[in-house]
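Thanks for coming. I will talk through one chain, starting with a term and then moving to two residues.

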Amino acid sequence: MNSFLKKLKTKNILVIVLFVFIGIQFYRPEIVQKPITGEIHVPTEVRAILQRSCFDCHSNQTNLKWFDQIAPAYWLVADHIKKGKEGLNFSEWDKLAPAAQNAKLWEAFNQINLKAMPLKSYELLHPEAKLSENDIRILKNYVTSLAPKQKPDTAKVSAYNKQLQQVVHTQASKVSFPTAPNGISYIPDYKNWKPISSTERFDNGTMRIIFGNDIAVKAAKEHKTNPWPDGTIIAKVAWDQIIDSDGNVTTGAFKQVEYMIKDSKKFASTKGWGWARFLSPKLEPYGKTADFANECISCHRPMKDNDFVFTSPLNH
């Protein structure tokens with residue numbers, strides 16, 4: 001009798017599971033297939049890699065396999081495609097200025113090189129998307145070829161001198177500091193902070209110094225940076241690179257300053273960090289709405305296991 005009841009109970013559970021499985025198939029978030037407005041033009045071998053490993057989530061040429069269309073996997077796929085195309089769409093490449101195109105390619109390669117893309121969950125069911133070391137080498141060589149050739153540049157020197165003159169004429173004037181769309185204001189005090197690292201963007205010919213406030217410096221000294229403590233502020237400042245005839249590299253014109261402000265409660269919706277960027281000597285806030293922070297998170301996602309921070313502090 002007990003055996004019969006157990007079998008009946010098991011059968012009923014299986015029937016319920018089957019009905020639930022069939023039922024969830026009717027909830028299907030729409031995957032919008034927009035027309036191709038302007039494809040990316042790259043060498044054939046580069047395009048083949050992008051098409052195989054990136055286009056399903058980062059273009060208007062999504063090619064779903066039969067198993068991609070079965071819920072709940074379909075829900076995950078639809079979400080990946082929606083977010084993927086918001087950050088990078090190779091079928092709407094013409095909407096980006098040339099400099100922005102190069103920056104997007106640099107960001108994409110950076111995520112591939114850090115093994116953050118393609119997503120492991122995607123690779124598991126689409127093994128053909130996995131990039132080989134040769135694929136990565138091909139992409140690296142192409143992205144590197146887009147970098148500006150480093151040589152003496154009178155235009156950069158002129159831009160730098162012009163900025164110096166502007167500083168002299170505005171030093172005595174009262175300055176009101178701009179605010180980013182998410183409410184974070186420009187922080188001039190970073191100029192008095194200690195540098196904790198440096199980096200170079202070979203793709204656009206800039207050099208960057210990363211400064212930290214007292215809390216950040218203390219955390220770096222004590223190797224307590226994963227996670228960084230609340231109150232940490234990191235400022236990454238970018239300048240043009242100027243190379244003289246002897247090959248010496250110095251900072252040129254100021255390009256931008258980016259801030260990461262750690263407050264795990266206040267900025268819980270943006271991974272515990274407040275993000276802001278101010279461009280050119282005019283300190284123009286980046287982004288039209290507070291949603292611009294999603295771009296920052298997307299770029300930093302490969303470092304989610306390092307509290308979303310690329311910076312490796314120098315030993316203090």
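A patch, as I use the word here, is made of residues with over 30% relative accessible area and no salt bridge, and nonpolar side chains are joined within 5 Å. Keep in mind that this is a predicted model.

With that term in hand, look at Leu 18, Ile 22 and Phe 26: they make a nonpolar surface patch of about 350 Å². Take Ile 22 from that group. Ile 22 sits in helix H1, which covers residues 2-24.

Now the second residue, Ile 209. Ile 209 belongs to strand S2, residues 206-212. Ile 209 is also partly exposed, with a relative accessible area of 23%. What does Ile 209 touch, leaving out residues up to four places away in sequence? The list is Pro 195, Ser 197, Ser 198, Ala 235, Lys 236, Val 237 and Trp 239. Take Val 237 from that list: Val 237 is 28 residues from Ile 209 in sequence, but their C-alpha atoms are 5.5 Å apart in space.

Last, the whole chain. Its secondary structure comes to ten helices and six strands. Of its 316 residues, 39% count as buried. The chain exposes about 19,200 Å², and carbon and sulfur atoms supply 58% of that area. Among contacts with a separation of 6 or more, 64% are between residues 24 or more positions apart.

Note on methods. Residues are numbered from 1 along each chain as its sequence is written. This is a predicted model: local features need pLDDT of at least 70, side-chain atom pairs count only at pLDDT 80 or more; totals for chains, interfaces and linings use all residues. Side-chain values use heavy atoms; hydrogens and water are left out. Patches are made of residues with over 30% relative accessible area and no salt bridge: like charges are joined within 9 Å, nonpolar side chains (Val, Leu, Ile, Met, Phe, Trp, Tyr) within 5 Å. Accessible areas come from the Shrake-Rupley method with a 1.4 Å probe; for residues, only the protein chains shown count as cover. A salt bridge is a side-chain nitrogen of Lys or Arg within 4 Å of a carboxyl oxygen of Asp or Glu. Helices (H or I, at least four residues) and strands (E, at least two) are DSSP runs, numbered from the N terminus. Buried means under 20% relative accessible area, exposed over 50%, partly exposed in between (1.4 Å probe, protein chains only). Contact means heavy atoms within 4.5 Å.
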